[in-house]
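Student: I have a structure open and would like to know what the terms used for it rest on. Can we go through them one at a time?

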Amino acid sequence: LVSIASNTLVVGWLVKMASSEKQIMVGAVAVLIPSFLAVGLVTSYPMYLGLMVPAMISTSSMYTVTTAYMTKAVDASDTGTAIGLDHASRSLCGLIAPVVGGYIVRDFGHDAVSSAAAACAAAALVFWLLVAQPVALKGKDDKKSQ
């Protein structure tokens with residue numbers, strides 16, 4: 001429910017306000033890292049739920065931007081493949097993360113999971129900033145030039 005509201009109300013507004021995908025990604029990770037770190041300090045379920053709202057909004061923003069970024073980077077005939085690979089990679093992460101998290105909890109304790117999640121978010125942002133290239137929009141302007 002929060003993701004639907006986030007995509008409908010927040011992400012659209014962010015895209016209009018931001019000057020680039022980079023700005024949205026940096027902002028989302030700037031919210032996500034402290035949210036992950038704070039999870040290690042949680043003492044109640046309501047506190048956890050409160051922390052998850054900004055985390056879900058920033059994650060939803062990142063997913064929307066990365067999906068849009070990938071679909072802009074490929075030809076229209078390959079858009080379905082790009083979206084499929086995007087969802088498949090997220091599903092793979094969903095399979096791997098609990099196993100890795102279990103080992104982290106077993107070996108380092110519960111608080112270490114939040115630190116590891118924050119470190120992964122920071123590493124992903126650094127990787128994205130180093131690898132991502134500006135992508136021109138593919139759309140009605142391309143048809144005029146044909």
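This is a predicted model: local features need pLDDT of at least 70, side-chain atom pairs count only at pLDDT 80 or more; totals for chains, interfaces and linings use all residues.

Student: What makes α2 roughly antiparallel to α3?

Tutor: Helix α2 (residues 21–39) and helix α3 (residues 45–73) pack at an angle of about 150°. Angles over 145 degrees count as roughly antiparallel, so α2 is roughly antiparallel to α3. Their axes are 9 Å apart.

Student: Is the crossing of α2 and α3 left-handed or right-handed?

Tutor: The crossing of α2 and α3 is left-handed. By class, this contact has 16 nonpolar, five polar and two charged residues.

Student: Which residues make the contact of α4 with α5?

Tutor: Gly101, Ile104, Val105 and Phe108 of α4 meet His110, Ala112, Val113 and Ala116 of α5. By class there are six nonpolar, two polar and no charged residues.

Student: At what angle do α3 and α4 pack?

Tutor: The angle for α3 and α4 is about 145°, with the axes 9 Å apart, and the crossing is right-handed. On the α3 side the contact is made by Tyr63, Thr66, Thr67, Met70 and Thr71, and on the α4 side by Thr79, Ala82, Ile83, Asp86 and Arg90. By class that gives four nonpolar, four polar and two charged residues.

Student: What is Leu51 in contact with, leaving aside its neighbours within four places in sequence?

Tutor: Leu51, in helix α3, is in contact with Ser35, Ala38, Val39 and Val42. Contact means heavy atoms within 4.5 Å.

Student: Which residues lie nearest the centre of the largest pocket?

Tutor: They are Met62, Tyr63, Cys93, Cys120 and Ala124, out of 38 lining residues. The volume of the pocket is about 1,400 Å³. Helices α2, α3, α4 and α5 each supply at least two residues of the lining.

Student: How does the lining of the largest pocket divide by class?

Tutor: It divides into 31 nonpolar, five polar and two charged residues.

Methods:
Residues are numbered from 1 along each chain as its sequence is written. Side-chain values use heavy atoms; hydrogens and water are left out. Axes are lines fitted to C-alpha atoms, for helices over the stretch in contact, and angles run from 0 to 180 degrees between N-to-C directions. Helices (H or I, at least four residues) and strands (E, at least two) are DSSP runs, numbered from the N terminus. Angles under 35 degrees count as roughly parallel, over 145 as roughly antiparallel, 65 to 115 as roughly perpendicular and the rest as oblique. A crossing is left-handed if the near helix is turned anticlockwise from the far one by less than a right angle, and right-handed if clockwise. Ala, Val, Leu, Ile, Met, Phe, Trp, Tyr, Cys and Pro count as nonpolar, Asp, Glu, Lys and Arg as charged, and the others, Gly among them, as polar. On a 1 Å grid over the protein atoms alone, a cavity is a set of points where a 1.4 Å probe fits but cannot get out, and a pocket is an open set with protein on both sides within 12 Å along at least five of seven lines; lining residues have an atom within 4 Å of a point. Grid points are joined across faces, edges and corners, and a volume is the space filled by probe spheres set on the points.
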